[in-house]
Amino acid sequence: MKRTSPAFGRRGLLRGGAAIVGSSALPFTYTYHRIARAAKYGELVPDPDGIIDLPPGFSYKILTRLFDPMSDGYRSPGLPDAMGAFPGPDEDTVVLMRNHELGVLDILHTPLHPEQQAPPESYNPAASGCVTRLVIDNETLEVKSSNLVLFGTLRNCAGGKSPWGWLSCEETVDGKHGYTYLCSTEATSVQPPRQIAGYGRFRHEAACVDPDTLVAYLTEDRGDSCFYRFVPSDKADPFTGKLQALRAVEEDEFATSDMEVGQVVPIAWIDVDEPTPSDDSVRGQAQAKGAAIVKRGEGIYYWQGAVYVCSTSGGPVGGGQIFKLVDGPEGGTLELLARSEDLEVLDHPDNIAVAPWGELFMAEDGDGEDYVRVLDAKGQVFDFARNAKSDSEFSGVCFSPDGKTLFVNLMFDHLTLAIRGPFPEFTPPPETTGGETETGADSESGGSAAPTSGGVNTTGAEASTTAESTGAEATGSASGGALDDDGGCGCKADAGGPGLGAVLAAAGALALRKRGAASEG
């Protein structure tokens, strides 16, 4: 989260690295560095409405604003943070699951109307953190319905997609908070909280899940954080198992912030003896056993057998790092793919998402102007979007399952946007809805299993009602061209597309003109 916001001018040239393009299964090979201004999609076009600048041919639509009425009688909350997009209940719909990083009794941004009480399903009626669900027409981008799914949590910052639905994480350990919650993408009303105690109680940031092993990977937003994984004891019961922390094989309490670009560190995992302590001691327990130290672990994304992680304040000047983690039964490796080199470099990458065709999209959370930046297969970093409205950070960057739409939030402007345009062609893989199934898949096949009651703590009676499809919608003007009449972007599906190994193989020292050091938090 942004702490200070001084004014700052337009950025200068980007300094990128380039290397041999290879498969994500192969080690990264760094060959040379060069200075380049990358503008793959074209220079940004100023938005006449002053919301968001985009490349030529791209357009945006405002899906929700603060306090727009929702279908279930609540109102759209403020401070939208991480999001995930899932296949919708109908063939032509997308479900967008959205965190709201609200605090205790946040009356300025709460989904509750002044006369409303907290719903009976609330985890903590005095807390305002929540998750909302939008059902969106995949052609017109109309919001067909909207509703609360989770309420009464605290500072729902990031999280991630899973085989069972949306994982929403609390970035706090205040009171009885500090957990990860499972939210069904099929929930049409507020649900009792489904707390995953096995994922630990600490200042969570983001999460992702290996769909084959069901191992979850978790980041922690602390200046001296650890990086965690949760290993299920049985794939048929994916939330019972062990929480572990990453350790460098050759050095106790290894400082990942000191890694050089291209450096590969052998890793192991150590058990966290007490994953749900009453105090904020999980990382202390892990570091007492030699766990590696990460400066503000934030965005995380699973892609083609590897986990990609942001250390928002890591590196020699605290501007951020991007890692690749390859895990396995006998250990694995952690590799530094990119980092900021000085105070005018990459300003705190936060949420990240790999586009279906293989480019890495990064939402900035730094001082002054913030951008969505992209790292392409040539190792170039380029602008994709600029917040023209304010110095609010971007958050929630994610793609629709078919890759036609990029969803993103202007967090402190309380806006959720959908962006379309001439994205690269690709063939989308099959994807499940993210809702729960009646029975788990065969664990030997590598399929996902439905969670059992033993692993997820559920409070309160189950409740489910159908929301009316009357969600209000706000439209914004287009930057660089209007949407097609049918909401399409003119993209055609095609096979192939580079994997993230090809995208990130070229990532040397990233340099984006930005200044200001970030404080922890």
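Modeller: In strand β11 (residues 180-183), Thr180 and Leu182 point one way while Tyr181 and Cys183 point the other way, and all are buried. Here buried means under 20% relative accessible area, with exposed being over 50% and partly exposed in between, for a 1.4 Å probe and protein chains only. Strands (E, at least two residues) and helices (H or I, at least four) are DSSP runs, numbered from the N terminus.

This is a predicted model, in which local features need pLDDT of at least 70 and side-chain atom pairs count only at pLDDT 80 or more, whereas totals for chains, interfaces and linings use all residues. Residues are numbered from 1 along each chain as its sequence is written, and side-chain values use heavy atoms, with hydrogens and water left out.

As for its partners, β11 runs antiparallel to strand β10 (residues 165-170), to which four bridges join it, and Cys169 has Thr180 as its bridge partner in β11. Strand β12 (residues 194-196) is also antiparallel to β11, through two bridges, with Gln195 in β12 as the bridge partner of Tyr181. Two strands are taken to pair if DSSP finds at least two bridges between them.

Strand β6 (residues 93-100) can be described in the same way. Eight of its eight residues are buried, so β6 is largely enclosed by the rest of the structure. Thr93, Val95, Met97 and Asn99 point one way from β6, and Val94, Leu96, Arg98 and His100 point the other way. Strand β5 (residues 80-87) pairs with β6 in the antiparallel sense over six bridges, Ala85 having Leu96 as its bridge partner, and these two strands form a hairpin with five residues between them.

Turning to the rings, a search of the whole structure finds 22 aromatic pairs. Rings of Phe, Tyr and Trp (its six-membered ring) pair if their centres lie within 6.5 Å, and planes under 30 degrees apart count as stacked, over 60 as edge-to-face and the rest as tilted. The rings of Tyr41 and Phe382 have centres 5.7 Å apart and planes at 70 degrees, so this pair is edge-to-face. Tyr41 lies in the loop between β2 (30-35) and β3 (52-53) and Phe382 in strand β25 (residues 381-387), so that the pair links distant parts of the chain, 341 residues apart. Both Tyr41 and Phe382 are buried.
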